[in-house]
Structures are given as structure tokens and as C-alpha cells.
Amino acid sequence: MKVLKTYLLLMAGAALFQQCSFSQSSHSKTDAMDNKDKKNTVYSRTDTTKVNLGDEEWKKLLPKEVYYIARMKGTERPWSSKFENFYEKGTYYCAACGNPLFKSDTKFDSGCGWPSFYEPVSKESIIYTEDRSHGMVRTETQCGRCEAHLGHVFNDGPPPTGLRYCINGVVLDFEKAQEAEKKYNEKKQEKPNQ
Ligand SMILES: [Zn+2]
């Protein structure tokens, strides 16, 4: 167990180093902050307008590891996500465009090595596509707003949906419930009719 922990720490260190060396910013920050540093102009947690950009444009907007998963349909190493053993209450957003994807109360321990959820925030959160790669037939999940690759959905999840959304943590941005609520109230004050 100790050996595994050391290994994981080393891998985490390597990942951090990679992130720093590719980041435009000189100081190390989380993925979400990285997005802000890169001036991701399409990132919004309130704008529901569809985002339709080419890979070259995404490359300029996204941190390297987010681009690799979201646009190249990559997969992060299992058990590498900071969200794997993460139990804060709040909302998970698409790291590419800010679209709300999952609430923490639909997150569960699937043991599969990736953050898992049984239900998305809304029907519009996710696009479903058949994926026949790697000799399997799976259902790919993509962001409903920007079509970023998120992961896959399987039929072996818990009730009430029986679904298991197996999602790459790299393409998730998390915001604690309290902070989101504060922003929501501020927004409501700006637009009293809503
Ligand atoms: Zn998105």
C-alpha cells in the first residue's frame, strides 16, 4: 500500500510538472484556474448557446490535458483524477465550456477508477453517440454545449437510473454548492424578473 501511495505521489508530481511546463502561467494552479489563465473566451456557466469551434481554436483555449481528452477523445489514467475520492457538495461543469454536467449528489463510488455519476444535471447536459472503437460497442458521452468528449455511459449503475456515467475528471470543473448559490443569488439580484 505504501509503495502504491509513493507511486501515485510520483505520478501526481509528474502530472503537475507537465502541467506547469505547458501552461502559459508561471505559477501552478488548478485546471479551472488554468482555463482562466488561457482566456477561454467561450467558457461560461450560464450561457447555453452551443459552442462550435475547430480543433485548432480549441487548442489555443484549453490546457493541453483538457484538449487531449475533450477534443482528441483521450482517456486519463484510472484512479488519477482528483475527483475519484472526492465528496464535496456542489456542481461539476464541463472544463472546456462551463456547461453544468453533474451534481455531487448523483456521484457514487463505482470502483471503476474514474469519477462516476448516475444522472446528468439535465437532458441537455449530455449528447450520446455510439462508439465502436477498441472492438467494443459503447455509448460515448459528450458535452451538450461544446461536444467535448467526457467519457462513456454504461447500464450497470445504481438506482434510480441504473446508469453509470464514467467520466474523465480532467474535463470536469467543480464548484462548491455554497459558492454557486452565492453567484446564483447575485445573478438574481441583477435580473429581478427571473
Ligand atoms: Zn462543454
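1. Two residues are taken to be in contact if their C-beta atoms, placed from the backbone, lie within 7 Å. On this basis, residues 24 or more positions apart account for 56% of the contacts in the chain with a separation of 6 or more.

2. The model under review is predicted: local features need pLDDT of at least 70, side-chain atom pairs count only at pLDDT 80 or more, and totals for chains, interfaces and linings use all residues. Residues are numbered from 1 along each chain as its sequence is written.

3. The chain holds five helices and nine strands, where helices (H or I, at least four residues) and strands (E, at least two) are DSSP runs numbered from the N terminus. From the N terminus on, the order of elements is α-α-α-α-β-β-β-β-β-β-β-β-β-α.

4. Of the 194 residues of the chain, 30% count as buried. A residue is buried if 20 or more other C-beta atoms lie within 10 Å of its own, exposed if 12 or fewer, and partly exposed in between, with C-beta atoms placed from the backbone.

5. An open sheet of three strands is ordered E2-E1-E9, with antiparallel pairing; two strands pair if DSSP finds at least two bridges between them. E2 and E9 stand at the edges, each with a single partner strand, so one side of each is left without a neighbour in the sheet. Three bridges join E1 to E2, and five join E1 to E9. Tyr-93 has Pro-100 as its bridge partner in E2 and stands opposite Asp-173 in E9. E1 and E2 form a hairpin with five residues between them, and Gly-98 in the turn has a positive phi of about 90°.

6. A further open sheet has six strands in the order E3-E4-E8-E7-E6-E5, again with antiparallel pairing. Its edges are strand E3 (107-108) and strand E5 (126-131); each has a single partner strand, so one side of each lacks a neighbour in the sheet. E7 and E8 pair over four bridges, and Phe-154 stands opposite Arg-164 in E8.

7. Which residues touch the most other members of the largest nonpolar core? They are Val-66, Cys-94, Ala-96, Ala-148 and Val-171, out of 32 residues in that core. Helix H4 (64-70) gives two or more residues to this core, as do strands including E1 (90-94) and E9 (172-176); H4 gives the most, with four residues. A nonpolar core is a set of buried Ala, Val, Leu, Ile, Met, Phe, Trp, Tyr and Cys residues joined through C-beta atoms within 7 Å.

8. Leaving aside neighbours within four places in sequence, Ala-148 is in contact with Ala-70, Cys-94, Ala-96, Cys-97, Gln-142, Cys-143 and Val-171.
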